[in-house]
Amino acid sequence: MKRRRDPFLWTGIGFLVLLLAFAVFGPTFRHNYYDPVGHPFQFPNRNAWLGTDEQGRDLFARLAYGARI
């Protein structure tokens with residue numbers, strides 16, 4: 001079988017598994033996605049792992065919630 005040796009197939013499957021895990025478990029790691037956690041456009045820090053948007057909301061929490069959709 002050619003499928004067992006194809007690295008792109010297994011890379012794609014691994015990416016989809018990680019995306020599914022992020023969508024399922026990501027929102028439980030952080031606070032509510034629409035609550036402000038800091039000042040607008042902050043750099044990544046311990047409160048906002050990916051930084052904040054223009055309203056001070058955590059980008060990681062928003063991405064995790066968006067992945068569920």
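**Close-up 1. Arginine 57 and aspartate 53 are both buried.** Here buried stands for under 20% relative accessible area, exposed for over 50%, and partly exposed for what lies in between (1.4 Å probe, protein chains only). Aspartate 53 is counted as buried because its relative accessibility is 6%. The model is predicted, so that local features need pLDDT of at least 70 and side-chain atom pairs count only at pLDDT 80 or more, while totals for chains, interfaces and linings use all residues. Residues are numbered from 1 along each chain as its sequence is written, and side-chain values use heavy atoms, with hydrogens and water left out.

**Close-up 2. Salt bridges link Asp53, Arg57 and Arg62 in a network.** A salt bridge requires a side-chain nitrogen of Lys or Arg within 4 Å of a carboxyl oxygen of Asp or Glu, and the structure holds two of them. Arginine 57 meets aspartate 53 at 2.9 Å, N to O, whereas the closest N and O atoms of arginine 62 and aspartate 53 are 3.6 Å apart. Arginine 62 is partly exposed, with a relative accessible area of 30%.

**Close-up 3. Leu20, Val24, Phe25, Phe29, Trp49, Leu50 and Leu63 make a nonpolar surface patch of about 750 Å².** Patches comprise residues with over 30% relative accessible area and no salt bridge, like charges being joined within 9 Å and nonpolar side chains (Val, Leu, Ile, Met, Phe, Trp, Tyr) within 5 Å; accessible areas come from the Shrake-Rupley method with a 1.4 Å probe, and for residues only the protein chains shown count as cover. Helix H1 (residues 7–29) supplies the largest share of the nonpolar patch, four residues, where helices (H or I, at least four residues) are DSSP runs numbered from the N terminus. Leucine 20 is found in helix H1 and is exposed, its relative accessible area being 55%.

Technical notes
Helices (H or I, at least four residues) and strands (E, at least two) are DSSP runs, numbered from the N terminus.
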